[in-house]
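Colleague: I have the file open. Can you walk me through the charged contacts and then the packing?

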Amino acid sequence: FPSHDNVFAEVITRENTSHLTNDEVTALTIARMQDLVLADWNHPIITEATRRALEVTRGRKGKDKAQAIHWWIKRNVKFVQDGDLVLGWLVEDWEESRDKEVLISPVRLLTMQFPRGDCDDMSMLAMAMLKNVGVESVFVTVKGNPFARDEWSHVFVAVLTEDDEWIALDASHGKHLGWETRQQWEKRMWL
């Protein structure tokens, strides 16, 4: 894989974090995601992707920009589970691949031959592109896995509109700006 600052992707494993609670692991993961966004948001590759995304909108409001970025990511990045990314790369066994959390930086995601990642990768890309055009956003996590109701299982971005409203931008699963999964037992905004 190509490298960006000598790292293609970061991998967090359960064995490295087994002494931490799910909330603590999630807080560390979100902090690292924020670091990767801050490192990449003004990179020329992000600027160019954002420019292309905004070609389709006539609107100048943050909500218009967020909608254009949402659709651009949906069209240009394929959703795949982390286990599918690491299988054959880091591990040979599918069972072992399930306990890996992979974070692909926004620039690395866009420089992949076939850009692909999961909800955290797409969320970091969305946040980097939004920051590139001055739209405020935050990460949002939800507990939505019926088999692990106490675990944060999904992440997306919330965008602050001109009306001081937070609106969901779920680039991995969202059908449109404002869409959120109904399957959530708890939600947290990482302000």
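Modeller: Start with the network of salt bridges that links Glu48, Arg51, Arg52 and Glu55. A salt bridge here is a side-chain nitrogen of Lys or Arg within 4 Å of a carboxyl oxygen of Asp or Glu.

Colleague: What is this model, and how are residues numbered?

Modeller: This is a predicted model, where local features need pLDDT of at least 70, side-chain atom pairs count only at pLDDT 80 or more, and totals for chains, interfaces and linings use all residues. Residues are numbered from 1 along each chain as its sequence is written, and side-chain values use heavy atoms, with hydrogens and water left out.

Colleague: How many salt bridges in the whole structure?

Modeller: Six, from a search of the whole structure. One of them joins Asp35 and Arg32, N to O 3.7 Å.

Colleague: Where do Asp35 and Arg32 lie?

Modeller: Both are in helix α2, residues 22-40, three residues apart, or about one turn of the helix. Helices (H or I, at least four residues) and strands (E, at least two) are DSSP runs, numbered from the N terminus. Asp35 is partly exposed at 40%, and Arg32 is partly exposed at 30%.

Colleague: Now packing. Which residues of α3 are buried?

Modeller: In helix α3, residues 44-54, the buried ones are Ile46, Ala49, Thr50, Ala53 and Leu54. They are on the same side of α3, because they cover an arc of only 130 degrees around the axis, taken from the directions from the helix axis to the C-beta atoms.

Colleague: What do they pack against?

Modeller: α2, α4 (62-76), α7 (106-111) and α8 (119-132). Contact means heavy atoms within 4.5 Å.

Colleague: Last one. Where is Trp166 found?

Modeller: Trp166 is in strand β7, residues 166-169, and is partly exposed at 33% relative accessibility.

Terms used:
Buried < 20%, exposed > 50% of the residue type's maximum accessible area, 1.4 Å probe, protein only.
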